[in-house]
Amino acid sequence: MDSSSSSSAAGLGAVDPQLQHFIEVETQKQRFQQLVHQMTELCWEKCMDKPGPKLDSRAEACFVNCVERFIDTSQFILNRLEQTQKSKPVFSESLSD
Amino acid sequence: MEGGFGSDFGGSGSGKLDPGLIMEQVKVQIAVANAQELLQRMTDKCFRKCIGKPGGSLDNSEQCIAMCMDRYMDAWNTVSRAYNSRLQRERANM
C-alpha cells in the first residue's frame, strides 16, 4: 500500500478514504455509546429504588419505557423548535435584542 | 521505545504511518474512555444509593455497592438494547 497519501494527511484533502470511513463509523458508535451512558444515568434515577439481587421485571420495563420516552422527547423538542423557529426565531443572527 | 497508548503510531521508525495500526490503537483508546465513563457514573450512582451519612469505614455498605454495580450493568445493558431496537425501528420506518 502506497502510504504517500496517509503520511501527508496533514495536508488538505489528502485523507486516506479507509481512515475517513473508520472515523465516520467510530464517531457514530461513540454517539450511540454517549447516549446510552446518559440515558442509563437518567433512567436509573427514575426507575431504580433499592438495588436488589436482580433487575425485576417492573424496573426493566421502566428502563425500556424510559429510553423510548427520552427519544420521543428529543424528537418532539427538535420538531417543535423547528416549527417555532420558522415563525419566531429563538436564535437570531443579529444581536440587536 | 515505550509502549502505552498513543506513543507509537505504527511508524516503527520508518517514517511511514500504518492506518491499520492507528485504527486499532484508536479503538482501544475509545474502549478505555467508555469504560472510564461507565465507572465514573456507576461510582456516582452507587455512592448515592449506598452511603448515607459517611461513617468510619465501608463495611456495612460493601454488599449494597456490589449489588448496585451489578444492577447498574443490567440497567446499562437494558438501555443499550432498548436504544438499539428503537434505532432499528426508526430506520425501518424511513
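1. Leaving aside neighbours within four places in sequence, A:Q33 is in contact with B:N34 and B:W76, where contact means heavy atoms within 4.5 Å. The residue sits in helix α2 of chain A, residues 17–47, helices being DSSP runs of H or I of at least four residues and strands runs of E of at least two, numbered from the N terminus. At 19% relative accessibility A:Q33 counts as buried, a class that means under 20% relative accessible area, with exposed meaning over 50% and partly exposed lying in between (1.4 Å probe, protein chains only).

2. On provenance, this is a predicted model, in which local features need pLDDT of at least 70 and side-chain atom pairs count only at pLDDT 80 or more, while totals for chains, interfaces and linings use all residues. Residues are numbered from 1 along each chain as its sequence is written, chains are lettered from A and ligands numbered from 1 in the order in which they are written, and side-chain values use heavy atoms, with hydrogens and water left out.

3. Chain A has three helices and zero strands, and its pattern along the sequence reads α-α-α. Of its 97 residues, 26% count as buried, and its accessible surface comes to about 7200 Å², 57% of which belongs to carbon and sulfur atoms; such areas come from the Shrake-Rupley method with a 1.4 Å probe, and for residues only the protein chains shown count as cover.

4. The UniProt record places the short sequence motif "Twin CX3C motif" at residues 43–66 of chain A; UniProt positions are given in the numbering used here, feature names are shortened, and annotations may be inferred rather than shown by experiment. Over residues 43–66 of chain A the model is 62% helix and 0% strand, with the end C-alpha atoms 6 Å apart.

5. Chain B consists, in secondary structure, of two helices and zero strands. Buried residues account for 29% of the 94 residues in chain B, and the chain exposes about 6400 Å², with carbon and sulfur atoms supplying 53% of that area. Among contacts in chain B between residues at least 6 apart in sequence, 31% join residues at least 24 apart.

6. The interface draws 31 residues from chain B and 37 residues from chain A. The area buried between the two chains is about 3500 Å², of which carbon and sulfur atoms give 64%, buried area being the accessible area (1.4 Å probe) that two parts lose on being put together, summed over both. On the side of chain B, the residues that lose the most area to chain A are B:R71, B:Y83 and B:R86, together 19% of what that side buries.

7. Between chain B and chain A there are 14 residue pairs in polar contact, with both residues at pLDDT 80 or more; a polar contact is a pair of N or O atoms within 3.5 Å, where, within protein, one must be able to donate a hydrogen and the other to accept it, and residues adjacent in sequence count only if both atoms are side-chain atoms. Helices α1 (19–50) and α2 (62–93) of chain B each supply at least two residues of the side of chain B that touches chain A, and the largest share of that side, 18 residues, comes from α2(B).

8. B:K45, in helix α1 of chain B, is buried with a relative accessible area of 7%. Its side chain is joined to that of A:E45 by a polar contact of 2.7 Å, and, neighbours within four places in sequence aside, B:K45 is in contact with A:E41, A:W44, A:E45 and B:Y72.

9. The structure holds 13 salt bridges over all chains, a salt bridge being a side-chain nitrogen of Lys or Arg within 4 Å of a carboxyl oxygen of Asp or Glu. Six salt bridges cross the interface of chain B and chain A. A network of salt bridges links A:E68, A:R69, A:D72, B:R86, B:R89 and B:E90.

10. A:R69 forms a salt bridge with A:D72, the closest N and O atoms being 2.9 Å apart; A:R69 is partly exposed at 44% relative accessibility.
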